[in-house]
Amino acid sequence: MGDFNLALVIVAVVVSVIVLLVSVYLLVNYQHPDDANQAYFPKLVVVLGLTVAVLSILMLPADVANRQACRKAVYNGACNLTLPMKTLWLVVYIVDAVLVFLVIPFAMFYYEGDQDKSVGKRLRTALIWVVASAVVCGLVLGILYGLVGKVDFTVRHLSSSVETFPNSFSGLSSGQPCISSLPRQCAASTAPSSSLTTWTMRATFPEYVVALTTIVGSVLFTIFGGVGIACLPLGLIFSFVRRPKAVITRSQYIKEATELGKKARELKKAAEALHQEERSGNKGRKWRKNVKAVEKELLLLEDDMKALEEMYPQGEQAETTWAFTVLGYIAKLIFGVVGLIISIAWVAHIVIYLLIDPPLSSFLNEVFIKLDDVWGLLGTAAFAFFCFYLLIAVIAGEMMLGLKLVFITIHPMKWGGTLMNSFLFNVGLILLCSISFCILCTSNCCSGDLRPHIAISSWN
């Protein structure tokens with residue numbers, strides 16, 4: 001068991017380092033060129049937020065493996081020698097909440113501050129806004145907690161009279177499991193429906209805040225997860241179907257480039273006209289509608305330019321560039337097919353195991369347990385893969401979906417063109433979704449030896 005724990009610690013450290021490096025890689029490739037070599041504090045927050053979001057998901061299979069380390073121990077207290085998962089879960093969720101409600105808003109206010117001001121003034125302004133927001137949110141949460149900060153549990157009230165302790169238990173059997181002579185009066189399954197009652201207790205304030213955060217995260221998770229779980233694999237497959245079949249000729253390239261140049265000049269004229277209207281103070285509904293139309297056309301123009309560059313690679317390594325382009329589309333097809341299978345499995349599992357009562361089958365649970373029987377950590381690894389895929393689907397749905405709420409516009413992230421304020425906002429949404437994601441996996445996709453510690457301790 002000691003060797004198992006040591007291996008688990010090593011794997012946890014290695015995975016954490018890999019996640020951190022991947023977060024830095026995403027930041028470097030998604031950031032806008034205007035943010036290069038500046039905005040270091042918002043970038044640090046982005047990397048930390050992405051790392052916490054991914055690790056909160058990967059902690060689920062780590063928790064499962066940690067429980068299995070002491071499952072077959074022969075002495076009491078063996079599980080006390082494993083990783084302190086309850087403490088780690090608590091730390092992750094506290095860091096998650098601090099990032100979402102304090103650090104990320106502070107970084108956004110700091111980033112969007114007047115660049116002409118000194119760093120001290122920008123920090124002071126951001127701090128004032130964050131404190132004001134925290135006071136308002138604290139008052140709202142305090143009022144709600146005082147009015148409805150209670151939890152209702154449906155329980156079955158059972159009672160019995162005192163019986164003399166028997167000298168022998170030979171009279172007990174499946175037909176007579178109780179000491180009393182009355183048949184099966186101690187069994188809860190035969191209790192009348194009138195024994196059901198509601199037990200109300202006040203939740204602690206941190207638990208209440210986590211519950212409200214989970215509700216908000218569940219709404220976002222439903223939107224982004226529903227979009228991502230379908231669009232991620234289908235987008236990869238359709239990308240392969242619509243791939244450039246061959247390199248175009250130079251004359252075709254010049255023709256297409258000329259057409260794109262005309263569109264670019266038209267968009268430039270439209271943007272200049274809108275800028276002139278903005279200076280004159282004419283910023284009505286029609287102006288905002290035209291701005292959105294120009295932004296949409298600009299995005300389409302950039303996509304067309306990227307597609308044209310793929311169809312006509314240039315430079316000394318043109319053949320190598322085309323070969324990598326072909327391999328990239330083949331990889332998209334493979335990942336798209338695998339992702340489609342996993343997406344169908346997730347949807348089928350939710351329908352079979354969650355929506356139908358009683359469940360028709362435990363489905364993925366049985367698959368993971370049987371894989372564990374084949375090799376010690378194979379089921380845990382498969383569970384980690386399915387969890388991580390769902391997180392990627394949520395992130396993909398969040399990045400590709402442009403959603404306008406009542407007061408907030410969620411900007412889809414773009415490779416090589418995402419400003420830090422949009423990056424911070426999207427990372428905050430991902431962190432909110434990660435909480436609901438963990439609850440989904442622990443309550444609906446785990447059973448028996450695959451149920452993590454958070455499901456049986458932290459939330460009870």
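Helices (H or I, at least four residues) are DSSP runs, numbered from the N terminus. The model is predicted: local features need pLDDT of at least 70, side-chain atom pairs count only at pLDDT 80 or more, and totals for chains, interfaces and linings use all residues. Residues are numbered from 1 along each chain as its sequence is written, and side-chain values use heavy atoms, without hydrogens and water.

A cavity is a set of points on a 1 Å grid over the protein atoms alone where a 1.4 Å probe fits but cannot get out; lining residues have an atom within 4 Å of a point. Points are joined across faces, edges and corners, and volume is the space filled by probe spheres set on them. The whole structure holds one cavity of 30 Å³ or more. The volume of the largest cavity is about 30 Å³. Its lining consists of Phe221, Leu391, Val394, Ile430, Cys433, Ser434 and Phe437. Helices H10 (378-400) and H11 (420-444) each give two or more of these residues. H11 supplies the largest share, four residues.

Helix H5 (residues 205-241) packs against helix H8 (residues 318-355) at about 150°, with axes 8 Å apart. Axes are lines fitted to C-alpha atoms, for helices over the stretch in contact, and angles run from 0 to 180 degrees between N-to-C directions. H5 and H8 are therefore roughly antiparallel (over 145 degrees). Contact means heavy atoms within 4.5 Å. The contact residues include Pro233 and Phe240 of H5, and Tyr329 and Trp346 of H8.

Terms used
On a 1 Å grid over the protein atoms alone, a cavity is a set of points where a 1.4 Å probe fits but cannot get out, and a pocket is an open set with protein on both sides within 12 Å along at least five of seven lines; lining residues have an atom within 4 Å of a point. Angles under 35 degrees count as roughly parallel, over 145 as roughly antiparallel, 65 to 115 as roughly perpendicular and the rest as oblique.
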